[in-house]
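The sequence and the structure come first.

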Amino acid sequence: MNYFTSQHKQVVLGKELARGGEGVVYDLDDTLVTKIFYEPYSNNRFEKIRCFISKGIKHKNVCTPLELVYDEQGKFAGYIMTKATGAVLKLSILQPQLFR
């Protein structure tokens, strides 16, 4: 499957970085990743992500959506976001010794 931005630029998915309940995150380059949803065609999901992008919501500690991604049929498929850096949250806070 091929993916594109709203400007019809092809999104070339790199290595799979993570897989979760909603979808798969793929590497794009040194600073960006793409999340592709398993079942992306929910209007609520599309509107929520579109709103994040249109409002320019950004925070240095949150990987917010930067650009929508569409499949070959022009249907919403996911989004591009900044790549997280640092420690994995569940590995850094969910350690038994922290709760003793």
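## The β6–β7 pair and the model

Strands β6 and β7 run antiparallel and are joined by five bridges. Within this pair, Leu68 has Tyr79 of β7 as its bridge partner. Strands and helices are DSSP runs numbered from the N terminus, with at least two residues (E) for a strand and at least four (H or I) for a helix. Two strands pair if DSSP finds at least two bridges between them.

The model is predicted: local features need pLDDT of at least 70 and side-chain atom pairs count only at pLDDT 80 or more, while totals for chains, interfaces and linings use all residues. Residues are numbered from 1 along each chain as its sequence is written, and side-chain values use heavy atoms, with hydrogens and water left out.

## Overall composition

The protein chain holds seven strands and two helices. Along the sequence they come in the pattern β-β-β-β-β-α-β-β-α.

The chain has 100 residues, of which 27% count as buried. Buried means under 20% relative accessible area, exposed means over 50%, and partly exposed is in between (1.4 Å probe, protein chains only). Among contacts (heavy atoms within 4.5 Å) with a separation of 6 or more, 40% come from residues 24 or more positions apart.

## The sheet

Strands of a sheet pair through backbone hydrogen bonds, either parallel or antiparallel. Here, seven strands form an open sheet with antiparallel pairing, in the order β2-β1-β6-β7-β5-β4-β3. Its edge strands, β2 (10–11) and β3 (16–19), each pair on one side only.

Strand β5 covers residues 32–37, and five of its six residues are buried. To β7, β5 is joined by five bridges in an antiparallel arrangement; there, Lys35 has Tyr79 of β7 as its bridge partner. With β4 (residues 23–27), β5 also pairs in the antiparallel sense over five bridges. Val24 stands opposite Ile36 of β5. Four residues lie between β4 and β5, and the two strands form a hairpin.

Val69 belongs to strand β6 and counts as buried because its relative accessibility is 0%. Leaving out residues up to four places away in sequence, Val69 touches Tyr3, Phe4, Val11, Thr34, Ile36, Lys75, Phe76, Ala77, Gly78, Tyr79 and Ile80. Phe4 is 65 residues from Val69 in sequence, yet their C-alpha atoms are 5.5 Å apart.

Thr5 is in strand β1 (residues 3–5). Its relative accessible area is 6%, so Thr5 is buried. Its side chain makes a polar contact of 3.5 Å with the side chain of Glu67. A polar contact is a pair of N or O atoms within 3.5 Å; within protein, one must be able to donate a hydrogen and the other to accept it, and residues adjacent in sequence count only if both atoms are side-chain atoms. Beyond residues up to four places away in sequence, Thr5 touches Val11, Glu67, Leu68, Tyr70 and Ile80.

## Loop residues

Asp71 lies in the loop between β6 (65–70) and β7 (76–82). Asp71 is buried but has no salt bridge, and the nearest side chain of opposite charge, that of Lys75, is 6.1 Å away. A salt bridge is a side-chain nitrogen of Lys or Arg within 4 Å of a carboxyl oxygen of Asp or Glu. Lys and Arg count as positive and Asp and Glu as negative, with His and the chain ends not counted. A polar atom of the Asp71 side chain lies 2.9 Å from the backbone nitrogen of Gln73.

His8 is in the loop between β1 and β2. With a relative accessible area of 68%, His8 is exposed. Most residues other than glycine have a negative phi. His8 is not a glycine, and has a positive phi of about 65°. Gly56 is in the loop between α1 (43–55) and β6; at a relative accessible area of 43%, Gly56 is partly exposed. The C-alpha atoms of Gly56 and Leu66 are separated by 8.1 Å, with the two residues 10 apart along the chain.
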